[in-house]
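I opened my notebook today to look up a few things in one structure. Here is what I wrote down as I went, in the order I looked.

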Amino acid sequence: MPVPPSLKPATRSASPLTWWRNRWRSLPPTQQDRLAAIGPLLSVFLFLAAIFSAITYFTLEEIDREQEAVTRDVEYAQQRLRLRLLERQEQLMRIARDISNREIEETEFGFQIETLVSQYPELLAVTWVNALREVVTGYASPSAPAHMARASGQALSPESTDGTFELARDLRQTLYSRPLGLPGEERTILLLVPLNEQGRFSGVLMAEYSVDALMRFGVPNEVLARYAVTLLDDQHNVLAGTAHAVTLTGLRRLPWAAKPQSHEMPVSPVGNSLVIRAEGYRTSRDTIGETFFWVVGAMSALTVWMLLANMRHTRRRLQAQRALVAETNFRRAMENSMLTGMRALDLQGRIAYVNPAFCRMTGWTEDDLLGRSPPFPYWPDAEHDTLMARLEDELHGRSLPGGFEVPVKRKNGSIFYARMYVSPLVDAHGRQTGWMTSMTDITEPKRIREELTASYDRFTTVLDSLDEAISVAPLGSAELLFANKMYQTWLGSGGRGHRMLLDQSSTLPAVPSTEGADLVDGLAGLPTDTLLDASAENVQVYIGELNKWLEVRTRYLTWVDGRLAQMVIATDITARRLAEEQAALQAERAETASRLITMGEMASSVAHELNQPLTAISNYSSGMISRLQKKQISEEELLGALEKTAKQAQRAGQIIQRIRAFVKRSEPNPTLSDVAQMVSNATELAEIDLRRHTVRLNTYVAARLPRLMVDPILIEQVLINLIKNGGESIAQAQRAPAQRHVELTVAPRKIDDTDAVEFVVRDSGQGVPMEQLERIYEAFYSTKSEGMGIGLKLCRSIVESHHGRLQARNLYNGSEITGCEFSFWIPVASTVNA
């Protein structure tokens with residue numbers, strides 16, 4: 001039957017395989033025979049080229065691996081040489097430092113150098129040379145040349161150091177010289193370490209290395225065994241080792257004949273004047289590769305001959321298959337293009353045909369299904385009876401026109417759901433030969449419906465299990481769209497509770513309204529998009545009917561039917577409110593107790609401080625009485641004495657007033673406070689206790705500091721506690737009088753793009769042990785035997801309540817703790833909730 005023109009594939013949209021097939025069919029038989037012969041021949045030549053390329057590729061890859069191995073081993077040898085040189089350099093620098101510090105004499109120097117030279121064979125001699133190039137002392141190895149055994153007082157010639165002595169004197173740095181010596185002699189390298197005595201150049205410590213010994217003892221044996229290793233100068237002259245002469249034996253029949261690999265690099269820290277080079281030993285031919293290449297070539301030639309012999313047979317087979325391929329391709333194209341599974345049953349219920357789509361759905365192949373009788377392999381085991389009954393209805397023509405839903409088992413055991421439609425199968429003569437069934441996979445739509453139902457059930461279950469009351473109602477209506485179980489328990493099932501929570505949580509002032517008047521929402525008039533993005537702040541309200549404090553949050557949302565609705569979430573915070581009130585009360589009591597404890601500890605110091613002005617007042621009064629009785633005082637002297645007495649009385653009164661203000665119990669009162677005044681008030685009280693411990697207080701306050709929104713009494717309490725702790729730490733450490741000081745530094749600071757004022761208290765005490773540094777802020781934990789462990793805890797709480805941070809760290813001099821630093825900062829824009 002001819003194919004309709006509408007079903008013929010277009011040339012432009014055909015696949016490359018289809019285009020080539022059509023092109024092949026359009027050629028005359030002679031050209032087909034020619035191409036049938038040329039194609040296999042071309043394939044054989046391509047195969048030979050591929051073998052040649054593969055051999056070349058793997059050979060080059062092996063060469064690269066060998067080169068990488070050489071490079072890696074040279075770098076390893078260079079690192080070993082570098083470490084050996086740096087170890088000797090460190091030892092010599094240590095000896096030079098001892099000489100500069102005059103901690104070693106010539107005898108001890110000779111003993112150390114002899115030990116060093118005898119221990120390391122690459123060191124031929126070590127000489128101590130003064131600034132005038134004269135030998136102070138030195139030692140040479142027994143194996144060293146005679147000219148290296150220099151006597152004391154001998155002057156070094158400029159040629160012996162090749163200008164390195166002057167360069168070390170000018171740069172005051174450790175330097176290596178270029179390789180010295182003539183060809184045929186033992187080549188050496190000088191290491192010059194300058195000697196600095198009180199900043200003045202006093203000579204050098206000169207070490208002479210044998211280049212040959214450096215290679216023999218510095219290069220690992222495994223590298224020497226695999227490569228010809230040499231040490232070269234910057235002119236590539238061989239200093240040590242023997243260069244490897246490369247000779248290839250035999251003829252190079254292939255381009256990948258083996259070549260030895262080499263690599264070189266400078267030896268650090270000497271520099272480019274000393275280069276290490278390694279070269280491989282392998283020079284043999286790749287005999288196996290050559291043999292493999294010629295065998296493959298011979299086999300390829302034999303294959304070409306066999307292809308020419310089979311050319312005629314191939315041409316006849318192609319002609320016979322052409323008609324069959326055309327018909328089969330068209331039928332398969334129609335079957336494979338269908339997405340619906342098709343199954344044909346004969347009148348006895350056996351499977352007569354299945355298309356590829358049906359096989360893809362079930363996972364069973366045509367061989368598994370064709371000719372099978374019920375029960376079919378794609379029937380689930382638990383559904384055999386039900387599906388057998390449906391098959392009986394299908395065979396008797398009792399199927400529903402709208403189809404029916406059945407479960408289908410795949411070959412891997414998984415189940416999917418399909419909808420089947422049944423129709424009679426009639427042949428070309430009008431006789432019914434069976435039943436045709438079409439099947440569509442409905443697993444995904446069914447899964448979506450089930451997931452939507454399960455999602456709604458989960459949503460309802462989660463919301464009903466919450467401790468919050470959640471309700472949703474449309475704007476301007478008393479209808480309640482949703483209410484969870486907690487809402488119904490607290491406020492009932494109506495919308496009155498929802499409206500009551502909205503009214504009590506409104507931040508707008510109350511507006512008188514008549515009965516039945518509409519309530520105006522605070523966000524009324526805003527665009528819908530703005531309402532959906534807006535979120536109200538949390539509001540805490542007290543519901544007398546429930547005897548509960550509730551935290552109410554509201555949000556606008558679009559309901560499922562498109563209406564704009566308002567959701568209210570109410571959380572019971574009664575227990576939290578009570579806990580916060582109790583915590584605030586306890587914190588206030590703890591702060592007051594801390595101030596009382598601080599003043600109690602400072603009582604003796606305060607009494608001593610008050611005794612000075614009172615004693616002065618007594619002395620002034622006694623003196624005036626005595627002189628008045630003797631009439632030996634003038635009016636001006638009397639006024640001067642009275643003014644001094646008044647100043648002492650004012651001083652005593654100021655001390656008492658400051659103490660009363662510090663210990664007075666009051667509510668937190670954040671105000672805009674002057675930083676300098678707070679520091680002055682705190683240091684005035686703290687210095688009383690510091691004088692008792694003979695500790696100086698040095699205060700550094702930056703100029704033009706911004707004012708802080710803080711409670712000044714609380715910040716003064718933090719400063720007094722930190723300064724007092726520093727004084728006690730210094731007293732416990734028993735520092736010398738010159739080291740008994742506490743420093744207070746106050747300066748502006750930028751923290752996370754926020755302006756702040758930083759307070760830093762440094763002492764020279766014994767610090768805080770590292771294992772206790774993380775626990776000093778714990779309540780009732782103290783590093784002092786008589787401490788109560790609440791001072792630093794309260795200080796940290798006070799600073800954090802002002803949105804700041806308190807930190808502590810030890811001060812070190814090397815590994816020794818020389819004091820401790822406490823620092824805290826308060827942001828400039830900070831506000832404190834009273």
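**Entry 1: the lining of the largest cavity.** I began with residue classes: the lining of the largest cavity has nine nonpolar and three charged residues, and no polar ones. I reminded myself that I am reading a predicted model. Next I looked up the names. Among the lining residues are Trp 379, Leu 387, Phe 404, Val 406 and Met 420, and also Arg 343, Arg 390 and Glu 394. Two elements, α12 (384-395) and β12 (404-409), each give two or more residues to this lining. The space inside comes to about 100 Å³. My search of the whole structure found three cavities of 30 Å³ or more.

Entry 2: I turned to the strands. Strands of a sheet pair through backbone hydrogen bonds, and the pairing can be parallel or antiparallel. Here I found four strands in an open sheet, in the order β7-β6-β9-β8, with antiparallel pairing. Why is one side of β7 and of β8 left without a neighbour in the sheet? I noted that β7 (238-240) and β8 (262-267) stand at the edges and each have a single partner strand, so one side of each has no neighbour there. Ignoring direction, neighbouring strands of this sheet are turned by 35 degrees against each other on average.

I then followed one pair. Strand β6 (residues 227-232) meets strand β9 (residues 271-280) in the antiparallel sense, over six bridges.

**Entry 3: a sheet of five strands.** Another open sheet has five strands, and I wrote its order as β16-β15-β19-β18-β17, again with antiparallel pairing. Which strands sit at its edges? They are β16 (482-483) and β17 (539-543), and each pairs on one side only. Inside this sheet I traced strand β18 (residues 548-558) and strand β19 (residues 564-572), which run antiparallel and are joined by nine bridges. Across from Arg 555 I found Met 567 in β19.

**Entry 4: cysteines.** My last look was for disulfides. A disulfide is a covalent bond between the sulfur atoms of two cysteines. With a cut-off of 2.5 Å between the sulfur atoms, I counted zero disulfides. Cys 795 has a relative accessible area of 1% and Cys 820 has 3%. Buried means under 20%, so I put down Cys 795 as buried, and Cys 820 as buried too.

Methods:
Residues numbered from 1 in each chain as written. Predicted model: local features only at pLDDT ≥ 70, side-chain atom pairs only at ≥ 80, totals over all residues. Heavy atoms only, no water. 1 Å grid on protein atoms, 1.4 Å probe; cavity = no way out; pocket = protein on both sides within 12 Å on 5 of 7 lines; lining within 4 Å. Points joined across faces, edges and corners; volume = space filled by probe spheres on them. Nonpolar A, V, L, I, M, F, W, Y, C, P; charged D, E, K, R; others polar. Pairing = 2+ DSSP bridges. Axes fitted to C-alpha atoms, helices over the stretch in contact; angles between N-to-C directions. Buried < 20%, exposed > 50% of the residue type's maximum accessible area, 1.4 Å probe, protein only.
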